[in-house]
Amino acid sequence: MSLDRDVKTTPRGFHCDLCNVNLPNRPSLDQHIKGRKHQTLTNVRDTRKSQEEHSVFVSGIRPDTSQADLAEYFERFGTVTNIIMDKDKGVYAIVHFSETNSIRAALSCVEHKMKDLKLRVKPREKKEFKLIPKKKSDPQDLQQVLERLKPELCQMLSVNAQMQCVVERFQLGENEKKARSLLVQLLQEVFVEFFPDSQILPFGSSVNAFGIHSCDLDLFLDLENTKVFQAHAKSSTEQPGEGTSDDGRSEDSILSDIDLATATPAEVLELVAMILNRCVPSVHKVHVVSSARLPVVKFHHRELNMQGDITINNRLAVRNTRFLQLCSGMDDRLRPLIYTIRYWAKQKQLAGNPTGAGSLLNNYALTLLVIFFLQNCEPPVLPTVEQLKEIACEEEECVIEGWDCTFPSQPIAVPPSKNTQDLCTLLAGFFSFYAKFDFASNVISLREGRALPITDFLILNKEDNVMQEEQPPKPNNPRLKLGPLNLLDPFELTHNVAGNLNERSQRSFQKECQEAEKYCRSLQYQQKSTRGKSWGLVRLFTPHGEVTHAKPEQLTINIPFKLASLPEKLRNELHAAGDGFRLQWFQRVCAATEGVLKNVLQCHLVSSTDAISGKDSAVSAEEMETSASHALSTNDSTDSGESQSKTSPPGTIAIGAKRPLCSGSDDASPKGKKPRLAKKGKPEFSLWICVQKHMVWAGRRKVKRELIKDTDSRPEGSCVELESQVTARITEKEPQLKEPLEFKVHPQILGGTESTRTMLTFETSGDKGGAFQDFFHFLEVFLPKVVETLLEKEAGSD
């Protein structure tokens with residue numbers, strides 16, 4: 001098989017020049033070539049190359065030269081498909097032809113005269129296509145930013161003053177707000193020319209009271225009135241004054257090309273992108289992201305050096321912005337808390353996805369986490385969304401896309417909080433609250449102001465699966481995406497705001513909260529240093545000093561928990577197990593994995609411990625989570641070893657005080673005795689030591705075809721029996737390996753709810769000939785598939 005033109009062989013495998021990535025082996029290379037990134041970049045490169053080959057560069061025009069004039073002149077050389085003009089200075093244009101012959105004809109012309117202008121026509125400059133890597137947060141850059149902020153913070157007299165200083169340093173200035181407002185006005189004037197009665201509404205950080213320097217400008221293009229205008233214009237075409245509205249305005253030609261009532265969001269956004277490109281000065285790098293959860297047009301404003309987004313179906317986001325404005329007006333402590341926690345999260349590389357997509361927390365999610373904490377203080381600092389709904393008057397009722405978005409329009413309508421804690425105490429309370437929070441078992445709800453049991457959502461999702469089998473899914477009513485951190489939007493209750501987080505991001509967030517909680521108990525946090533040393537927020541903001549070096553890549557295979565694909569009987573058993581369903585599912589997967597290795601692939605297995613314990617299938621979720629975290633060994637001993645089923649009230653932490661012992665706990669040790677290290681009855685995690693003497697992964701397809709053709713030896717039953725016979729045929733005909741493969745398999749359970757998965761870690765003592773790598777790549781596809789089949793078979797035979 002020949003290599004892709006962008007791929008080069010290296011001593012360690014392969015390198016893709018187009019995507020700038022290294023691949024260790026052929027299977028990984030094949031997967032990369034077929035992957036989305038490589039295919040997308042290939043298409044972009046081909047498109048740009050075609051554009052270069054079908055266009056010419058034209059200079060010598062004036063700012064008042066129109067596209068129609070250029071199109072009329074260059075049509076003499078061939079069909080013109082597009083003209084891109086420099087809208088800032090108006091001194092050049094790029095003319096696209098449909099045929100390359102038109103290019104040659106235009107370039108062969110000695111002199112180009114259009115009206116009184118002498119045009120200069122040149123071939124397009126050929127540029128090599130290069131992928132510009134995304135910028136990642138550099139710990140050194142984070143440290144440099146902190147060094148500039150450090151002297152000012154150290155001079156403050158209290159943590160409260162430091163937090164106010166952070167707000168003043170990072171908040172949007174008045175000039176920035178005015179510049180953004182002027183840009184919104186300009187866009188309003190441009191779009192209303194093409195979409196009559198439309199509105200440009202800003203939302204997000206720029207206007208929600210939590211904006212920072214250089215934050216994106218998020219805009220919602222409201223086309224509802226434009227749809228009404230277009231429908232009215234169509235209905236009045238047979239009357240005098242055809243194509244005009246009551247006030248005499250004519251329907252713009254752009255609306256004659258598209259029906260807003262039936263057009264897809266992608267089609268409308270393509271129009272929006274074209275308008276931005278051609279009509280708005282200083283706007284460039286315009287592109288449509290149609291694959292996002294909410295399709296969007298992204299652009300960059302050159303003079304303001306600002307990124308912008310325009311959506312056409314995000315009315316809920318505008319309402320969310322007003323909700324945050326209301327919360328900010330209800331209590332003056334919210335803004336300093338949010339600015340401080342956002343900056344802390346960025347310094348610890350917990351937040352700040354460079355391109356919007358990624359596995360880190362976004363600013364909106366962090367803001368909601370702060371509000372939820374303040375709802376759970378004693379007494380509460382902020383009311384719940386339901387309480388706000390009760391306060392609102394009848395005129396303030398609001399329903400958007402079926403979601404109740406009712407709350408008061410003015411903060412003065414909300415009774416003031418009786419909580420008198422200062423900023424310093426509330427910040428420490430935030431870290432204490434989430435250091436102990438049981439993310440795996442709860443869903444955070446700002447609407448109710450409490451943590452909802454995750455099992456309630458498992459039942460709902462199961463019912464959704466049944467309904468989806470009976471009828472097609474409704475796009476406007478999606479199911480909640482459960483993950484390692486589940487944070488419900490205050491209004492759109494099927495949207496998990498933190499659904500982009502992976503297991504590592506959630507663990508990092510909680511671990512950093514635990515570290516911050518420990519620090520906030522020290523005097524270095526509370527009191528200003530008399531020796532001029534760093535104190536308070538400075539030490540809290542300090543990024544990790546050393547750049548974490550990537551560990552050698554582990555050979556792991558993940559078998560995810562897929563509720564929808566499990567047999568009905570097994571699903572009922574897991575539901576009956578309640579909080580212990582993860583442990584029960586894990587035991588089944590381990591038993592099936594052992595069956596595949598031992599019976600299907602004929603590996604010689606020795607378990608380092610007894611088989612996975614099945615004695616106590618009703619082990620509590622608390623014990624299971626504690627045992628799983630112990631088996632993973634990913635976290636140091638933390639204060640959250642005892643998972644809480646009910647979150648303790650936050651904000652009651654005494655700074656500088658020792659942690660109180662849990663009163664009434666069975667684990668409390670008598671005086672003079674060491675505390676117990678572990679509880680009894682925790683499930684055990686076995687380690688399999690395996691030996692494989694044959695190349696059972698090689699030639700399986702050929703042997704399988706032979707067995708299926710051979711009626712005498714054709715296996716009966718499921719594909720498990722067929723795979724077993726394939727292995728048996730290979731071991732009979734093929735010689736043994738000169739050096740048998742010896743390896744260990746360590747099963748572990750990771751995640752929570754639908755992010756739950758069994759991770760099998762493979763270790764080998766040596767692989768001189770590379771045989772184990774081949775065997776492992778075979779197992780990556782084979783093992784999860786056969787394990788799933790065995791689970792179905794087991795459920796059917798029970």
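Residues count as exposed when over 50% of their relative accessible area remains, and as buried when under 20% does. The views below show a predicted model.

**View 1. A patch of positive charge on the surface.** R701, K702, R705, K709 and K733 gather in this patch. Helix α22 (residues 700–709) gives the most to the patch, with four residues. K733 lies in helix α23 (residues 719–733); with a relative accessible area of 57%, K733 is exposed.

**View 2. The two sides of helix α1 (residues 26–34).** L29, H32 and I33 are buried in this helix. Seen down the axis of α1, the buried residues fall within an arc of 100°, so they line one face of the helix. Exposed residues Q31 and K34 sit on the face turned away from that buried side.

**View 3. A salt bridge between R62 and D116.** The two side chains meet at 3.5 Å, N to O. The pair links distant parts of the chain, 54 residues apart: R62 is in the loop between β4 (55–59) and α3 (67–74), and D116 is in the loop between β7 (112–114) and β8 (117–123). R62 is partly exposed at 36% relative accessibility, while D116 is exposed at 59%.

View 4. The side chains of E174 and K177 meet at 3.8 Å, N to O. The two residues are three apart in α7, about one turn of the helix. E174 is exposed at 52% relative accessibility, and K177 is partly exposed at 40%.

**View 5. A salt bridge between D404 and K389.** The N to O distance is 2.9 Å. D404 lies in strand β15 (residues 403–404) and K389 in helix α13 (residues 385–391), 15 residues apart.

Conventions
Residues are numbered from 1 along each chain as its sequence is written. This is a predicted model: local features need pLDDT of at least 70, side-chain atom pairs count only at pLDDT 80 or more; totals for chains, interfaces and linings use all residues. Side-chain values use heavy atoms; hydrogens and water are left out. Patches are made of residues with over 30% relative accessible area and no salt bridge: like charges are joined within 9 Å, nonpolar side chains (Val, Leu, Ile, Met, Phe, Trp, Tyr) within 5 Å. Accessible areas come from the Shrake-Rupley method with a 1.4 Å probe; for residues, only the protein chains shown count as cover. A salt bridge is a side-chain nitrogen of Lys or Arg within 4 Å of a carboxyl oxygen of Asp or Glu. Lys and Arg count as positive and Asp and Glu as negative; His and the chain ends are not counted. The place of a charge is taken as NZ of Lys, CZ of Arg, CG of Asp or CD of Glu. Buried means under 20% relative accessible area, exposed over 50%, partly exposed in between (1.4 Å probe, protein chains only). The arc is that of the directions from the helix axis to the C-beta atoms.
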